Amino acid sequence: MKKVLSLILLSASVTMAQVKPSDDNIRNDIRYNLNDSGSHYVKFTFTNQTWLRFDESNPGTTVLGDAKSNTFDIGLRRTRVQLFGQITDRIFFYTQFGMNNFNKVSAFPSYNNAGTPSNRKIAAFFHDALGEYEVQRKGTNFIGFGGGLTVVNGLSRFSQPSIGTIMTMDVPVFAQATVDQTDQFSRKLSVYSRGQIGKFNYRVDVADPFPVETNGSVPPAPGLNSVFAQRKNHKQFQGLLIYNIFDTEDNTTPGYMTGTYLGKRKVLNIEAGIISQKNATWRRENADTVYNNMTLWSVAAFMDMPLDKDKGTAVSAYLGYFSTDYGKGYLRYNGIMNPATGTTQPIPGVGATHGNAYPMFGTGSVVYAQAGYKFKDGLLGSQGTLMPYVSLQRADYERLQDALNVYNVGVNWLIKGHTGKISLNYENRPVYQASTLANELTAYTRRGTFVLQYQISI
């Protein structure tokens, strides 16, 4: 392994030393070429996202048993390394290793006043490990088949995001529909096919979901509302079809889709995706156990293109509609890298409601939109430029009397594109409580979060 890494670093240093900075073909990556043309290679990348965050806590929030109306924390949202390469004209491999959501309380999510904190070392893990065989390629057209642990997904582009190129502070996590329930941080053991045929990009996938019992938490017993089933498990079928009106997108790695090209490509896409699984969830109805099929689908449009190539200005926008049928009454709270550990005001049957959590997933429908504008290159001289953005997630879930509206507004300081950037984001979310109507929740106040992120991605 040491020899391989040494060769990779040596190749990168030689390549960069031999090419003048003004050369359009300069490489910014760390790779070891396996042939003279560079079409066969092994490449290494690294991404780290550090968050400094101030959160207005949900009512009743506690941290290690102490009541907290707000929190300030420092954490690692994502730390990843990738090793992948094109070994022959047809053989490609991809691996990704790392960890997510690491802050001071992440080591003991089930902490309670009587409990004993666990070891603070959080194990990193393989996010992806797959092999792919390309059966045909002509120009940008190709067809490939692969298998392994992968994020290749059918629902939408944000269900398989390239985390180093996100335009907003974070991806809309609701689009990673089964995250850490029946998958490993959105990855599943799958066999798939993907390709580009003319203006159409496709991916189809058959996945073997993980049992919900292995997600690290005690799964809830079937009750009035649907939860992921512990019996009668079936394979999951997924498909995504994208029509590229202008440029085709990068298809180097399986699954991962770029957040914004910062004006480097002229992209306008229309997409439709679906995930389907038989008997994915269950619930109790009188004395009977009722199984529900999970059917999730979306339609969306994505635009990312330059406005003035000479100045480097660009615009990026997305609008999507998601139908999310997990089964009757399904609703799940989630808080990204939650800075809190408990609450004195729990809502039974929806998961942890403390800290920054809100009902992120549910049976119903979601509209998600985002837009951003990249100012001219060199706006800040040698220190890069700015890209402000806004986003909205509006969800109408069965059990919410009031629609969920989550707003984000922020700005990226692109010091060197996505390689080195600082982002400041403000998110505003609703807070819910049990309604006078049985089995429903109603909104009664709102809370906000400020996040400062520093990203390095090479």
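The largest cavity of this predicted model has a volume of about 360 Å³. A cavity here is a set of points, on a 1 Å grid over the protein atoms alone, where a 1.4 Å probe fits but cannot get out; grid points are joined across faces, edges and corners, and a volume is the space filled by probe spheres set on the points. The model is predicted, so that local features need pLDDT of at least 70 and side-chain atom pairs count only at pLDDT 80 or more, while totals for chains, interfaces and linings use all residues. Residues are numbered from 1 along each chain as its sequence is written, and side-chain values use heavy atoms, with hydrogens and water left out.

The lining of the largest cavity comprises 22 residues, and Asp170, Val171, Tyr358, Asn408 and Glu427 are those nearest its centre; a lining residue has an atom within 4 Å of a point. At least two lining residues come from each of strands E2 (41–56), E18 (358–362), E20 (385–397), E21 (404–416), E22 (420–434) and E23 (441–457). Strands are DSSP runs of at least two residues, numbered from the N terminus. E20 provides the largest share, 3 residues. By class, this lining has 12 nonpolar, 7 polar and 3 charged residues, where Ala, Val, Leu, Ile, Met, Phe, Trp, Tyr, Cys and Pro count as nonpolar, Asp, Glu, Lys and Arg as charged, and the others, Gly among them, as polar.

In total, the structure holds 3 cavities of 30 Å³ or more. Among the residues that line it are Asn153, Asp183, Ser186, Lys188 and Met294.

Phe185, in the loop between strand E8 (141–150) and strand E9 (188–197), has a positive phi of about 50 degrees although it is not a glycine. Phe185 counts as buried (under 20% relative accessible area), because its relative accessibility is 11%.

Met337 belongs to the loop between strand E16 (331–334) and strand E17 (342–343), and its phi is likewise positive, near 45 degrees. Met337 is buried, at a relative accessible area of 5%. Asn338 lies in the loop between E16 and E17 and is buried at 16%. The side chain of Asn338 reaches the backbone oxygen of His354 at 3.1 Å. Beyond its neighbours within four places in sequence, Asn338 is in contact (heavy atoms within 4.5 Å) with residues including Arg53, Asn103, Val105 and His354.

Conventions: 1 Å grid on protein atoms, 1.4 Å probe; cavity = no way out; pocket = protein on both sides within 12 Å on 5 of 7 lines; lining within 4 Å. Helix = DSSP H or I, 4+ residues; strand = E, 2+ residues; numbered from the N terminus. Buried < 20%, exposed > 50% of the residue type's maximum accessible area, 1.4 Å probe, protein only. Polar contact = N/O pair within 3.5 Å; in protein donor to acceptor, adjacent residues only side chain to side chain.
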